[in-house]
Amino acid sequence: MSFLNATKTANPCFVMRLAFSIRMHVHYAGRTELPDNLKVLFRTVAMMVPDYAMIGEITLYSNGFDEARHLAQKIVQAYKLCSEQLSSQSHYDYGMRAVKSVLLASASLRRLYSHLPEAQIVLRAIVDVNLPKFLEQDVSLFVGIYTDLFPGTELPMPSREDLMKWLIITLEERNLQATPWFVEKILQIYEMLLVRHGLMVVGASLGGKTTAWQILAYCLRCVNMDKDANLVEYPVNYRIINPKAITMGQLYGRFDPISHEWYDGVLAKTFREFATGSQKERFWIFFDGPVDAVWIENLNTVLDDNKKLCLMSGEIIIMTKLMNMMFEPADLEQASPATVSRCGMIYMEPSQLGWRTFHQSFTNILTNQLGLSEIYMALFQEMIDWLIPAALYILPDCKKMVETSPIYQYRNFSKFFYHFLDKHKVFTQVWFQQMFLFCYAWAYCSHLMGNENCF
């Protein structure tokens, strides 16, 4: 990116001094090296690494912390140990923006829970900002790191009774299972919304990403309408955009090459509509699609502290306090480090959700909607326990045309089986077992390449 700085001197003749500066990240997608004849005209300047501990100390002091120096050093040490001991993932970031998020969360918690010890407040902020993004294998290591840094410090739990009440009610109404992991992920999304205006819900398909934030949006509206709730919240309006389904001009806007008129893109219209919307509503712009440096680099000014969408037409739209930019990618392999550092991360693994969660919901459908008797439900459960764990044990050693997850396989099985049971209202026990085996074979074995290729 290049920019022009022009300054006037104190000379009454108003002699203009011009300075050209070029800032480059040549390793990002879409960036190229400068030509040699242009490169020799400029002097290379390197930036120094900032003193994270000093910045943290000053910020904590300004927010009323008495032990700011000691706590700032612990924050920096926590990120240093995480970078050394935890696995390397594309959505992990331990830079200055990550440290700043912890400082902002600490300041917010300090205002809400001024009676708590300062070490507990900082520890709560470190956990809230970082725990949602870690893989299952890294969580135990992270717990060990902050336990060593804060020995004897008890981790305080935030008060979310009003939100939890509506979460349980909503999940039950929609026949979804309120597993501790899934409820925790929904609360982590909410906690991240309070400290970051840009966040990403990352994870493979069928991990519950879409369901999690949609449940949260519905619950926040319910909390707003609940007269007995102590939590002050606002209803949520959201708009979903697939950035890879349209061109860059259709996304951000473009100039017509013939008429030279400006045409707004989908994001420009949505952003302007939300920026001028009600001051008592939350607005979420959701990008449901792959993240790469080709289109998301234009959102850098939105995702950093500027919170401004700068269009090619010259228009600048400022994001309000109740607006959030949210992304739902499967991974961040193609995203630049600048993008990763600007967003809060919530990682959702399908293996943590598990196929048994879907099985519990499907069991409720068989009982409540189809009215299966206890005899058939007992037979169904017995065959499930007998065949599905065995299939999941054997299938990894077989050669497949495509890779499928256990959740996807169980969803196919449940859809097939529901169709047969719904179509035939009267059936025998033998027919029930035959249909089970038929659906089981197609759901779990249809993607195999053949017996000769197994094992």
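Predicted model: local features only at pLDDT ≥ 70, side-chain atom pairs only at ≥ 80, totals over all residues.
**Leu-206**

I started with Leu-206 and asked how open it is: its relative accessible area is 24%, so I put it down as partly exposed. The cut-offs I use are under 20% relative accessible area for buried, over 50% for exposed and partly exposed in between, with a 1.4 Å probe and protein chains only. Leu-206 sits in the loop between β3 (198–202) and α9 (209–225). My helices (H or I, at least four residues) and strands (E, at least two) are DSSP runs, numbered from the N terminus. Leu-206 isn't a glycine, yet its phi is positive, about 65°.

Residues are numbered from 1 along each chain as its sequence is written, and side-chain values use heavy atoms, with hydrogens and water left out.

**Lys-307**

Next I looked up Lys-307, which has a positive phi of about 55° and is not a glycine. I found Lys-307 in the loop between α13 (300–303) and β8 (308–310). Its relative accessibility is 29%, so Lys-307 goes down as partly exposed.

**Helix α2**

Which residues of α2 are buried? In this helix (residues 52–62) I listed Gly-56, Glu-57 and Leu-60. Looking down the axis of α2, I saw the buried residues fall within an arc of 100°, so they line one face of the helix. The arc is taken from the directions from the helix axis to the C-beta atoms.

**Salt bridges**

I counted 14 salt bridges in the structure, each one a side-chain nitrogen of Lys or Arg within 4 Å of a carboxyl oxygen of Asp or Glu.

Glu-57 turned up again here: it has a salt bridge to Arg-69, with the closest N and O atoms 3.1 Å apart. Glu-57 lies in helix α2 and Arg-69 in helix α3 (residues 68–85), so this pair ties together parts 12 residues apart in sequence. Glu-57 has a relative accessible area of 15%, so it is buried.

I then checked Asp-292 and Lys-244, whose side chains meet in a salt bridge at 2.8 Å, N to O. Asp-292 is in the loop between β7 (282–287) and α12 (293–296) and Lys-244 in the loop between β4 (236–241) and α10 (248–252), so the pair links parts 48 residues apart in sequence. Asp-292 is buried, with 13% relative accessible area, whereas Lys-244 is partly exposed at 45%. I also wrote down a network: salt bridges that share partners join Asp-264, Arg-272 and Glu-315.

**Arg-110 and charges over rings**

Arg-110 got an entry of its own. It makes a salt bridge with Glu-118 (3.7 Å, N to O), and both Arg-110 and Glu-118 are buried. Arg-110 also lies over the face of Phe-65, 5.3 Å from the ring centre. The rule for a charge over a ring is NZ of Lys or CZ of Arg within 6 Å of the ring centre and within 35 degrees of the ring normal. Lys-74 does this too, lying over the face of Phe-150 at 4.7 Å from the ring centre.

**Aromatic pairs**

My rule here: rings of Phe, Tyr and Trp (its six-membered ring) pair if their centres lie within 6.5 Å, and planes under 30 degrees apart count as stacked, over 60 as edge-to-face and the rest as tilted. How many aromatic pairs does that give? I got 31. The one I looked up is Phe-380 with Phe-417, a stacked pair at 5.7 Å centre to centre and 10° between the planes. Phe-380 lies in helix α17 (residues 374–394) and Phe-417 in helix α18 (residues 406–423), so the pair ties together parts 37 residues apart in sequence. Phe-380 is buried at 1% relative accessibility, and Phe-417 is buried at 0%.

**Pro-257**

From Pro-257 to Leu-135 I noted 48 Å in space, C-alpha to C-alpha, and 122 residues in sequence.
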